[in-house]
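Take a look at the model below. Then follow the text from one part to the next.

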Amino acid sequence: GRRGADLWPCLGGRRSQRDYRDRPLTREELAALLWATQGITGAAGGYHFRASPSAGALYPVETYLAVHRVQGVTPGIWHFQVLDFALELLAPGDFRESLVAAGLAQSFLGEAGAVFIWTGVLNRARWKYRERAVRYLFLDAGHICQNLMLAATALGLGVCPVGAFFDEEVESLVGADQKEEVALYLASVGPLA
């Protein structure tokens, strides 16, 4: 990877990458990617600010990971606990086939080291923004995914964002209730082939 990589080459070199090497992601790589997406960068007045912006600092987007191949991390579905910077194992197992099926048979979703799965918790934004809340969920998810893509580029990893998937299948994978918490966006990540 290119630690301390310059932003401008990362912007110029960012591509949607669907071909990954067999080697696992390292824990350090995964930690760096998680921090880039929603890591805590400061606190003031009861707010914890994160690496990606969020309307009203409400942070309605939740991060889950389908871990396929990460050194020292059990394969399965994990939830990112932002404030503790920790991963919580929701369901151990091999979810590659389920995820590929949920993602319209896009096979690279099963070949990546891990797949980020972002959901939106509607009430976290709705109380303040009413009917605009749904718009902000998608804007927030876009900011988060762009940070993932730039961080992966800086580390020499490949990422592919995915918007084509069966909502209910993805929601059931992570345990979202499909009413108050809904699937927004996916992104596969792995070492470049």
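This is a predicted model: local features need pLDDT of at least 70, side-chain atom pairs count only at pLDDT 80 or more; totals for chains, interfaces and linings use all residues.

Start with helix H6, which covers residues 133-154. How far apart are its end C-alpha atoms? They are 32 Å apart. H6 has 22 residues, and at 1.5 Å a residue it should span 32 Å, so the two values agree. Just after H6 comes Gly156, which takes a positive phi of about 75°.

Now find helix H2, residues 27-38. The axes of H2 and H6 come within 8 Å. They cross at roughly 145°. The crossing is right-handed.

Which residues meet there? From H2 come Leu33, Ala36, Thr37 and Gln38. On the H6 side they meet Ile144, Asn147, Leu148, Ala151 and Ala152. Six residues of this contact are nonpolar, three are polar and none is charged. An α-helix has 3.6 residues a turn, so residues three or four places apart point the same way.

H2 also takes part in a pocket. Rolling a probe the size of a water molecule over the atoms shows where empty space is left. The second largest pocket has a volume of about 190 Å³. Which element gives the largest share of its lining? H2 does, with four residues. Strand S4 (76-81) and strand S5 (86-92) each give two or more residues as well.

Look for some of the lining residues in the model. Among them are Arg27, Leu30, Ala31 and Leu34. Trp78, Phe80, Ala86 and Leu87 also line this pocket, and so do Gly72, Val73, Thr74 and Phe85. By type, the lining has nine nonpolar residues, two polar and one charged.

Methods:
Residues are numbered from 1 along each chain as its sequence is written. Side-chain values use heavy atoms; hydrogens and water are left out. Axes are lines fitted to C-alpha atoms, for helices over the stretch in contact, and angles run from 0 to 180 degrees between N-to-C directions. A crossing is left-handed if the near helix is turned anticlockwise from the far one by less than a right angle, and right-handed if clockwise. Contact means heavy atoms within 4.5 Å. Ala, Val, Leu, Ile, Met, Phe, Trp, Tyr, Cys and Pro count as nonpolar, Asp, Glu, Lys and Arg as charged, and the others, Gly among them, as polar. On a 1 Å grid over the protein atoms alone, a cavity is a set of points where a 1.4 Å probe fits but cannot get out, and a pocket is an open set with protein on both sides within 12 Å along at least five of seven lines; lining residues have an atom within 4 Å of a point. Grid points are joined across faces, edges and corners, and a volume is the space filled by probe spheres set on the points. The expected span of a helix is 1.5 Å times one less than its number of residues.
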